[in-house]
Every structure is written in C-alpha cells, then in structure tokens.
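Please open the model in your viewer and keep the selection panel at hand. The stops below are meant to be taken in order.

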Amino acid sequence: MGTKGGKDMEKGRCEKHCLCNEMEELLEEQQRLSLEDFRFVCDKIGYDTIPFVLSNDKCAFEVFGRTKSGIFFTTQVFRLESLDTRNCCAKLSMLIPVDIDGIPIDLCDEVFSLVRTNNCILVDLSCFCSIQPLSPKLVNRELPIVEPKC
C-alpha cells in the first residue's frame, strides 16, 4: 500500500475532522461586517465580531481567563482573530458573557452582553465538530443606566 503525500494527508484530515472551511467563511463575514461603508439596507451595521461557541461530540469548549484587573473568569464564547488553514489552527479571543448588571455569568443564564478581552488562545480545530454563531449585537452592548427611584 502506498502512502499519501504529507500535504494530501493534512488536507484530508482537516476536511474530515475540523471546521476550517466554516471558520474561513466566518472570518470573511466578520471582516465584511467591520468595513466602514458596509450597510444592511439603510442601517450602518458597525460590528466587527461574530461571536461563537465551539463544541466537540460531548460538550462546549470552555476556557479560563483573567481580566486586566486580575479577576478570573470562564467562557465558552470566542471571537476569531486569525486562521491557519494549512494546520487547521485558529487564534481566538475570549468574550465574557455578562448579565444586565455587567456581572460575569454562565452562558446558560440570561446573557445581556459579551465583553471583549485581550485574552487569546490557540486551538487545533480538528478537536471540534460544531460551531454555533451568536448575534454580533451582543458584543460590547452598552449596559442600561438605571436611575434610582426617589
């Protein structure tokens, strides 16, 4: 039996086991959304992030991070920063789900906003089998100002 060349094996592995093609489409969409003159009908979109959750066969991918102020958090929500299609790897930045009061919460709870961080992680996309995009409107959504009743 002959063996395939390394390049063919890499390509076959990636096509069969990872989300490279979907992530490439997501990155292109994200870049289109961030263009200064991009409009949907009459409204300016103004988003530069399509948040998403990655999963394997069993559960959503979850990581730990730390804010600039030193507070630790966990998250399952990411932004695609860059993609290496040759090696099926991606650089992801972490987004923190928060409630209407700005308190970090679990993704299963009532998410009001997704706060961008400078925390990044490199992942091998062949370890995942699904991606669930979320609304770009959630990213850095301004928290409401609640006036106290007199």
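Begin by selecting R79 together with Q30, D48, T49, F52, K91, L92, S93, L95 and R116, which are the residues in contact with R79 once its neighbours within four places in sequence are set aside (contact means heavy atoms within 4.5 Å). This is a predicted model, in which local features need pLDDT of at least 70 and side-chain atom pairs count only at pLDDT 80 or more, while totals for chains, interfaces and linings use all residues. Residues are numbered from 1 along each chain as its sequence is written, and side-chain values use heavy atoms, with hydrogens and water left out.

Staying on R79, you will find it in β6, residues 77-84 (strands are DSSP runs of E, at least two residues, numbered from the N terminus). R79 is buried, with a relative accessible area of 10% (buried means under 20%, with a 1.4 Å probe and protein chains only). Its side chain reaches the backbone oxygen of D48 at 2.6 Å.

Next, turn to the rings, where a search of the whole structure finds 3 aromatic pairs (ring centres of Phe, Tyr or Trp, the last by its six-membered ring, within 6.5 Å). Select F61 and F128, an edge-to-face pair at 5.0 Å centre to centre with 65 degrees between the planes (edge-to-face means over 60 degrees). F61 sits in the loop between β3 and β4, and F128 in the loop between β8 and β9, 67 residues apart. F128 is buried, at 8% relative accessible area.

Notes: Helices (H or I, at least four residues) and strands (E, at least two) are DSSP runs, numbered from the N terminus. Buried means under 20% relative accessible area, exposed over 50%, partly exposed in between (1.4 Å probe, protein chains only). A polar contact is a pair of N or O atoms within 3.5 Å; within protein, one must be able to donate a hydrogen and the other to accept it, and residues adjacent in sequence count only if both atoms are side-chain atoms. Rings of Phe, Tyr and Trp (its six-membered ring) pair if their centres lie within 6.5 Å; planes under 30 degrees apart count as stacked, over 60 as edge-to-face and the rest as tilted.
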